[in-house]
Every structure is written in C-alpha cells, then in structure tokens.
Amino acid sequence: MAASAKSFLADAGYGEQELDANSALMELDKGLRSGKLGEQCEAVVRFPRLFQKYPFPILINSAFLKLADVFRVGNNFLRLCVLKVTQQSEKHLEKILNVDEFVKRVFSVIHSNDPVARAITLRMLGSMASIIPERKNAHHSIRQSLDSHDNVEVEAAIFAAANFSAQSKDFAAGICNKISEMIQGLATPVDLKLKLIPILQHMHHDASLASSSRQLLQQLVTSYPSTKMVIVTLHTFTLLAASSLVDIPKQIQLLLQYLKNDPRKAVKRLAIQDLKLLANKTPHTWSRENIQALCESALHTPYDSLKLGMLSVLSALSGTIAIKQYFSSAPGTAATTARSFDLVKLAQECCYHNNRGIAAHGVRILTNISASCQEKDLLPLEQDAVFGLEALLVLCSQDDSPGAQATLKITLTCMVKLVKCRPHLSQSVVESLLTQLHSAQDAARILMCHCLAAIAMQLPVLADGMLGDLMDLYKLIGRSATDKKQELLVSLATVIFVSSQKALSSEIKTVIKQQLENASNGWTAYRIARQASRMGNHDMARELYQSLLTQVASEHFYFWLNSLKEFSHAEQCLTGLQEDNYSSALSCIAEALKSYHKGIASLTAASTPLNPLSFQCGFVKLRIDLLQAFSQLICTCNSLKTSPPPAIATTIAMTSGNDLQRCGRISNQMKHSMEEFRSLATRYGDLYQSSFDADSATLRNVELQQQSCLLISHAIEALILDPESASFQEYSSNGTAHVESEYERRMMSVFNHVLEEVESLNRKYAPVSYLHTACLCNAVIALLKVPLSFQRYFFQKLQSTSIKLALSPSPRNPAEPIAVQNNQQLALKVEGVVQHGSKPGLFRKIQSVCLNVSSVLQSKSGQDYKIPIDNMTNEMEQRVEPHNDYFSTQFLLNFVILGTHNITVESSVIDSNGIVWKTGPKTTIFVKSLEDPYSQQVRLQQQQGQPPSQQQQQRTAYSRF
C-alpha cells in the first residue's frame, strides 16, 4: 500500500502535473533563489524530474544555465547536488544550446583556492565530456590537477581524464604519456596507480595509440606481479582489446595462460570473468585451440567455483558459431565421433555433478550441441542431454531455494529448446514433466506448467489421456489463497486449455469453476479467462467474464469486462457452424455480429484519454467487417439459386464481349465481394504497421487474418472472375516448420485445404456452377470454425513507445495561422523525443524516425496566378536517427500561392530490421501566405493604370541587401 501511495505521489509530481513547462521552471527557480539552503537543494534535486517531463531543448537550456549559476555562486554541497543532477541527466546534455555560456559559468570555479570545489568542478567537466570533448582549457586543467597534492582533487582529475579520453582522440593521445609516467614513477603511491591504470582502456582511438597502451600494460603485468595490480591491469587489457578489436585473439590466449599457470584463485576468477565478457562480445574470434585449452583447464581444476566459471564461459560459447568451429574436424585428420571431444566429455561428466550450477551448465552445453550440430550423428548425446535434464528436474523441483529455482529455469529452457529442434524427444520430456508435477514444490510447479505450455504450443504432444492427470492435480491444489497457489491455478489452467484442443468438456469447466469459487480472487479468475480467450475456449471465457462483471470498482473496468464477455459470446456463436448448411451459417454470423456490435459499444465506453484502446477497437472493427463480408459472400453465392442468369444472358455476354455476363448479376456481386476482401486485407496491413509495441504472436495473428482475406479474394478470382490467369505458385504452402501456436497450425491447414479445393475446381467447369459457390461457402465456414485467438497485446502492453513532436515556429493559439510572405521560404524545425515504458526495446528497437511533411492549400485569397504545379504543394521526407531518444531536423517550405495552407507533420518509425511502422503522431499547423509589400504595390499601381516610378522599376530582390 505504501509503495503504491509512493508511486502515486511520484506520478503526481507533488502538484506539478497541472503546470506547463514554463510555470514548472519558474516554480523551481523560486526555490533556487531562496535564502534557505534546504529549499535550494530541494529545488536542484527536482530538476531531473522536470527534464523527464519536458525533454525539449528550450527548457533544458534555461534550466542548465540556472544550475550553472547555482554552481558558480553556491557552496560545495549545492555544487555536489548540481553535479549529481548533471550525471543523472547525461542524455539531456546535448540539448544545451548555449554550451559556451554554461561551461564558462561552471569553469570559473576551477580557479578557487578550495581543493574540494576544484575537485567537484573537475568531476562536473568530466560528466560534460560528451558535449565539450575538445575544450583545451578543460584538458589543461585536468593535466594540472593530476599533479595536485590533494588526494580528492587527483581522484577527480582521474575521473575527468577517463571521461575525456573516451570522447576525445587528441586528449587521449596527449594524456597517454603523462599517465604512463605517473604509473611507472616511483613517487606515485600504489593505490593511485590502481586508479590510473583503467584510463588506458580508452586508448583505442587509433592503432598506434592502442599498441603503445598494450605494450605499457604488458610491462606492468610483468613488473608488478602483486594480485591487485595483475587483476586491474588484466581487466584493463581486456577492455582495451574489446574496444580496439584487433587484439582479441591475443587477449584470449593471455587470459587462458593466466588461468592455467597462475596459482592465485583471485587472478583465475578475473581471467574467467574476462573470458566470459569476450565470449559474449566476440564468440567468432575463439579458435578450436582456445576452446580446447579451456576444456582442459576445466577438466583438471579441483575447485568447484572455478569449474563453474569455466563452464559458464563454455555454455555461453556453445550457443554461438564457436561450437561449429570446434566440431568441424581439422584438415588432414579423420573425422572423430562427437563423444570423443573433450568438450563433450566435460559436459557429460558435469551433468550429474553435486553442484547444481555446474550440472545446469553441463546440460546446457549438451543441449546446445544437439541443437546446433544437427548434421552430426548425435543420438547418444541427445539421450545424455535428456537424462541430465530429467535428473536436474527431479533434484530442483523438490527444493524451494532461489538457487534451485534459477537452475530449474535453465533446465526447463533447455527442455523447450531441445524439443523444438528434436521433436522426437518431446514425448519422453513431457512424460517426465507430468510425472514430476505431482511431487514438486509450488514454485517449481508454476515453472514446469509454463514449460509444458510452451512445448504444447509448438507440438500437439499433450494427448487427451494426460488431461486426467492435470485435472487431478487441479483438484488437489489446496484451498489456501497464497500468491503461489493463485499463480499455480493460472499456470495449470493454461496447460489444460492448450492440451484440450477441441472444446472443453463440461466436467473440466465445472472443476475449474469450483476451484476458482473456493480458492481464488477476482484477478486470478480474470487471468484464467484471458488465457481461455487466447486459446480459443470462448464459452469458458464468457462464463468467467460474466462472473467478474459485478466485482470491479470502476465503470471503465465494467465496460471492459462486458465487452470481453460479448466478444467471447460472439465467437462462441460461430462454433456451431456446419459445412453445407448455409442458412444456419448466416444466422450464426448474424448472432455473432449482434454480440460484436454490443461489445464494440462497451469497448468504446471503456476507453479513456490515457488508455484509448486503439488496437483493441481497430482489431474488433475489422473482425466485424470481416464477418459482414463473409455473410455477404454466402448471400451472393445463394443468389445463384434465387436469381439465376436470365435467358438472354448469353446474348448480352456476346454483344458486350464480356464472357462473365453469362452468369447474370452474380458476376458483378462477386467483383464487389473480391474488392471488399482486398480492402479488408489492406486495413489489416495498416493495423499491423501501427502496432510497433505488439508481441510477435499478436502480429502473427493479425497477419493470419490478413491472409484469410487474401485467400478468399484469390479464391473468388480463381474460381469465377478470372480462372485462366489464376496462379497458385505464390500461395503454395511453405511447410509448417515455424508454427508457433495451435491457432496458427489450424489456420494454415485450413488455408492449404481451401487452396487444394480451389485448384482442383479451377478450369474444370465453366463459371459459375453450384460447385464453385459451394466451394466458396465451405471455405468461409472452414475459416470461421477455427476459434479466434485474442492474443496478449489485446489484453496487456509489455512494451510502450511513443513519440512527442514539437514544431517551431509554432503559433500561440493552435487555430491561429503563422504569417509568411509568398516570396520567402518557411524554415520549419521539427524536434522530437522518444518516450519509453518500463521495458524499452523488449520486442523491437527504434533505429531511425521517418518524418513526412506535406502541405495542402485550404483557402485561396487574391487572384489566381498561373503557377507551376511544383509550387502548389510541399511533399518532403527525412530520416533522422534519435540520439539519447532525441532528434531534430529542418524543412524549407514554399508558399507561393496566397492563402491559408495546412501543414501536416507525420512521424513513423524504422526498426533495426528496416521495417517501417506507422506509429504517429500527426501534428498540424496553419500557415497564411501573404503577398510581399513590393509586389502588392506594383499590382495596385497597375490596377490604377499608373506606370511604376523609375526608382521602383530598378529595384530588385537584392536591392534590400
């Protein structure tokens, strides 16, 4: 409760929410000018919150200049507060417009007699290195302060030197010799040397600098063999190699040498830690010999902690390209069996180790080898991996400790991976999971249920016979309302929904509802209902939503649940469809549409300005339109019986030259129907493009809906409108290798079946016969019989990304236009900020932002001039890459035609795969194009019949300059 109150206060910003940017800044400025130190400090520490809320340069520039003033005249405590704010707001520093003024105010303190003030200033300069990398006065001050006799100042200078070395090539080249002298100088204390050495990791700007730094570090490693010096020097060595890239193979060899030969455990541990860093960063640089050397060290070490570290490096490598290099046999040698490799021996030896962590890495290595080296004969290895996984499962599922749970997660992840690439192992893995479920601890049961659901989503391995076990376990769960029990109820229900691929039997429904009545709260029931909607068990979902309607506290939640209930009811209506029974199909669709219309009204009522539910509304509206299009298609097919072609249809076809006219009015109706399905497919494509934050399963669901529209439009074209030119090549099945869910599997099988039917009828009979219409109707019914899956993004948003745009010049009043003379161009500056939720980049990251500016003439004023068509509109596009979530660019716009123009700026996002997402927003401003005074004067004189004066005749556009 306290935490929620705290977060509520944090969100409210102590009453800042109602203030606009200027008022908020004025409020903080008042605090800065206060005579009380406490109020000044409070005002300073509230600046990061202000930057987060209003992240545009105009405010950030003013705020940082005010902070620089406080830094200049305040005491050391205030300076420290300003330093902390600067470090917290590092990504906003590049938005400071008056960098010179800001630096001048801060830098003035460097001449203070107080070494602490100088130290804080040096740290401040170091924190600002990204915006002033080449300031020579800052470089000079840092060099001077490195020779200071005050320890605090020297440490601050070392901090600043490290930051400037990372940003500036000149500074790094200049300071390198100085650092080298200090490290090698006898007068420098050892603890200071330990702080100076890490600066060398930034000496990677060019090859010669990196090479000289490596030589120095090499000397240090041999000259100073004490544990602390070796650890710091080796780690700096690794970071330098990782940045300069060329020396990574040498560095791996050096670390392996220390791991093998140095007797000190601390040095060995550091070598392992650095090898792990290089294994994650550049696995392709590891040779077969490197991996072999690491395996030998792991086989011979008597210490479990070191063996665990080495195995963690090997397990990181086993999931990458390095493993294939290891198993590719060297030229000139006979191919050896997989089991004779040291890595495999090590993994097999560790699978049953008494240390859980070592055993987990052992089975992970075996799993990765089985998954990535599929061309090898690895049958024995697969069995080893399965036995190892089962042993770990038995061991960890009985233990409630956090370590056991972490190991169990690794084990279950390996199980899912192994089953995905080796489907023939699924049966034994699933059986061992089900057997272990009964005796496991609750925390382990939850994880095991997630694993079972993940496996069953990929492969239909949970047969109906296994349902009995699951139902018994569901009944056994105690009546306690602990969080673990609630979580377990949801996880088990999910597995039950996945495993019962047909509709749920009434017995199962009764058991689930009884348990929910006995032991659960409303949230658990909602989560189970959500899973039922996701798996297509809509009757169960409807009953659960119905029971929750009266348990919510706000009307928005009530309308949300009511809409979900109606959608579930609508989908439930469609389960009664039967092939060849078209009149009942029409009544089922009509019933479903009735519920959908009620649901969409309720969903609209549930939306709020902060949560507009735009994806949900878009998805449901498309579903409604799709059902209406299906209904219309069945009616059109029936019209062949109700109004067959007239007797003169053949004559009309011959005179018009259109052979389709023989079929009567159905040909035109079919054409309309095909266009309708194509337009629906386009709208599904637009919905897909606007869902940047959706998870892959939701996007795949939208894609399947789009494909079903394209399939029907293709079927209409191939059977009726244009049988001759219909091609089936592009629609051929791509196999079901990457099917992620039962819904997708069923949809793909329907698609393939419909295509086969259409292909078998195509060109055999002249259109339109009853066979053609029956084929189309059956295709519609087959598509509707697959229960719709409402995926995760419909219910929850795990990733949140939005863009905020600011245009300048911008009018004070949005409806008021900006005045521009028609012989001048308007420079429109577009600035933007990318805002993220709690998990930025979870599904996809923003690579660049595409800005599209267009202008449209709204109303003309004055005469119509003959103007080239190019000058009529402005259409421009620019791509900008956000830096620290901020971007800005400019457009030059022409407004030759007098009148009011409407400028629209629309942003879309390009992700790291180059896919464009239409995320918005769209911003509009108005511009009024006015005639320039000289042209106006000339025009007026011409209207009055006076010749322009001599002076005015000579005047040109350049005369003003």
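A polar contact is a pair of N or O atoms within 3.5 Å; within protein, one must be able to donate a hydrogen and the other to accept it, and residues adjacent in sequence count only if both atoms are side-chain atoms. Keep that in mind for the opening stop.

This is a predicted model: local features need pLDDT of at least 70, side-chain atom pairs count only at pLDDT 80 or more, and totals for chains, interfaces and linings use all residues. Residues are numbered from 1 along each chain as its sequence is written, and side-chain values use heavy atoms, with hydrogens and water left out.

**Stop: Ser165**

Select Ser165. You are in helix H10 (residues 151–167). Helices (H or I, at least four residues) are DSSP runs, numbered from the N terminus. A polar atom of the Ser165 side chain lies 2.7 Å from the backbone oxygen of Ala161. Is Ser165 buried or exposed? Ser165 counts as buried because its relative accessibility is 0%. Buried means under 20% relative accessible area (1.4 Å probe, protein chains only). Now show its contacts (heavy atoms within 4.5 Å). Beyond four places in sequence, they include Phe171, Ile199, His202 and His205.

**Stop: Phe47 and Phe51**

Next, select Phe47 and Phe51. Both are buried. Rings of Phe, Tyr and Trp (its six-membered ring) pair if their centres lie within 6.5 Å; planes under 30 degrees apart count as stacked, over 60 as edge-to-face and the rest as tilted. That rule gives 24 aromatic pairs. Phe47 and Phe51 make a tilted one, 6.0 Å centre to centre with 50 degrees between the planes. They sit four residues apart in helix H4 (residues 47–53), so about one helical turn separates them. Outside its sequence neighbours up to four places away, Phe47 touches Leu25, Leu28, Leu32, Ala63, Leu67 and Val85.

**Stop: the core**

A nonpolar core is a set of buried Ala, Val, Leu, Ile, Met, Phe, Trp, Tyr and Cys residues joined through side-chain atoms within 4.5 Å. The largest one has 291 residues; Phe47, Trp286 and Phe794 are among those touching the most other members. Helix H33 (residues 614–642) supplies the largest share of this core, 14 residues.

Pick Trp560, Phe567, Tyr596, Phe615, Phe619, Phe790, Tyr793, Phe794 and Phe795. They form one aromatic cluster.

**Last stop: charges over rings**

A charge sits over a ring if NZ of Lys or CZ of Arg is within 6 Å of the ring centre and within 35 degrees of the ring normal. Lys265 has its charged end over the ring of Tyr303, 4.3 Å from the centre. Arg288 does this with Tyr326, at 5.5 Å.

Notes: Helices (H or I, at least four residues) and strands (E, at least two) are DSSP runs, numbered from the N terminus. Buried means under 20% relative accessible area, exposed over 50%, partly exposed in between (1.4 Å probe, protein chains only).
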